[in-house]
Amino acid sequence: MNRRTLLIGAGTLIAAGTGVAAWRGATGSMADYEAYSAQLRAALTPDIADVIRYATLAPNSHNTQPWRFRVTNDVIEVLPDFARRTPVVDPDDHHVFVSLGCAAANLAIAASASGRPGELVLTADGAGVHYTFTTNQPRTEPWLEAITKRQSTRAEYDGRAVSTADITRLQTAGAAPGVNLVIVTARAEMATIGELVVAGNSAQMADPAFMRELKQWVRFNPRSAMETGDGLFSSASGNPSLPTALGRIAFDRVVSAGSENDKYARQIASSAGLAVFVGDEADSMHWIKVGQACQRFALEATRLGLKLAFINQPVEIADLRPELARLIGTTKRPDLVLRFGYGPTLPYAPRRPVAEVLGS
């Protein structure tokens, strides 16, 4: 959800005399990473572990994957893993619960497709989701394939407009009780929201604690991404691979608010539209609902050939939320902001093995 595109001048940072073999040994190869990624996104099997694998392909803040799954008889529980929270960017755990909602949406689709139709129900405390299922014939799920193809594509798009019919499909997919979706396609309004994104990014990048937390979750090369199975893989933003130590130096010396703000402005200008999700209440129960609605929107967008990326700075900086709310005509707290359009496919983000997210 809160992904950051990093500018890294790799060419100026390659140490003199470093051999190609040594460099690849420090970074790993993209060929190996692509094989790893293909296994993560392989076709669904009837195994319940595969259902959970599909659930973990959901978007989540900093790709921390802040979730746990527990399987008991005919129930799969989706619960928060607060050990993987990001307290600086997400002090009230908003993104944690939105991430749970996204994973729960994937879970229900994959479970039904595997022959386990059921119902998602929020726990009584609103802090988790139970999926209660029966055993039946596998069902055809139109969004199943989109689960493996959806990604947060942090690149410039081609500027093409999305048809009115497809905008209507997106609006329908993202509709949910307790959640309001506002789609913005007017250029002037997109630019104004873009100014809030830039203001929020400037505030975050001026905060040393935010930058330390962000850097902690950056994976600068395929080897690191595969070993941890989490984090923000730099190549997924179109950046070159660097040895981890060198990547951290580059992060500190090269990444600047000015360059990042210019990039965000170009990316928003290249997008077909923006989508803003707003829950009726600012609590964990509604944040989970927002996540479910957002993921259905994202899967429909993927099915329509669209790319998406989160630009959540105006909801992460509390002082900017009222202005964003005013711009979209609500008095509620905005929860998520995405841009969408037609763009390239970049390397996919890593994921942890199912065994690491299963709890007893």
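Is F297 buried or exposed? F297 is buried, with a relative accessible area of 0%; buried means under 20% relative accessible area, exposed over 50% and partly exposed in between, with a 1.4 Å probe and protein chains only.

The model is predicted: local features need pLDDT of at least 70, side-chain atom pairs count only at pLDDT 80 or more, and totals for chains, interfaces and linings use all residues. Residues are numbered from 1 along each chain as its sequence is written, and side-chain values use heavy atoms, with hydrogens and water left out.

**Aromatic pairs**

A pair of aromatic rings is described by the distance of the centres and the angle of the planes. Rings of Phe, Tyr and Trp (its six-membered ring) pair if their centres lie within 6.5 Å; planes under 30 degrees apart count as stacked, over 60 as edge-to-face and the rest as tilted.

| Pair | Centre distance | Plane angle | Class |
|---|---|---|---|
| Y131 and F133 | 6.2 Å | 20° | stacked |
| F277 and F297 | 5.6 Å | 85° | edge-to-face |

F277 lies in strand β8 (residues 273-279) and F297 in helix α12 (residues 284-303), so this pair ties together parts that are 20 residues apart in sequence. Helices (H or I, at least four residues) and strands (E, at least two) are DSSP runs, numbered from the N terminus. F277 is buried at 0% relative accessibility. In the other pair, Y131 is buried with a relative accessible area of 1%, and F133 is buried at 8%. Ring pairs also link Y33, Y36 and F233 into a cluster.
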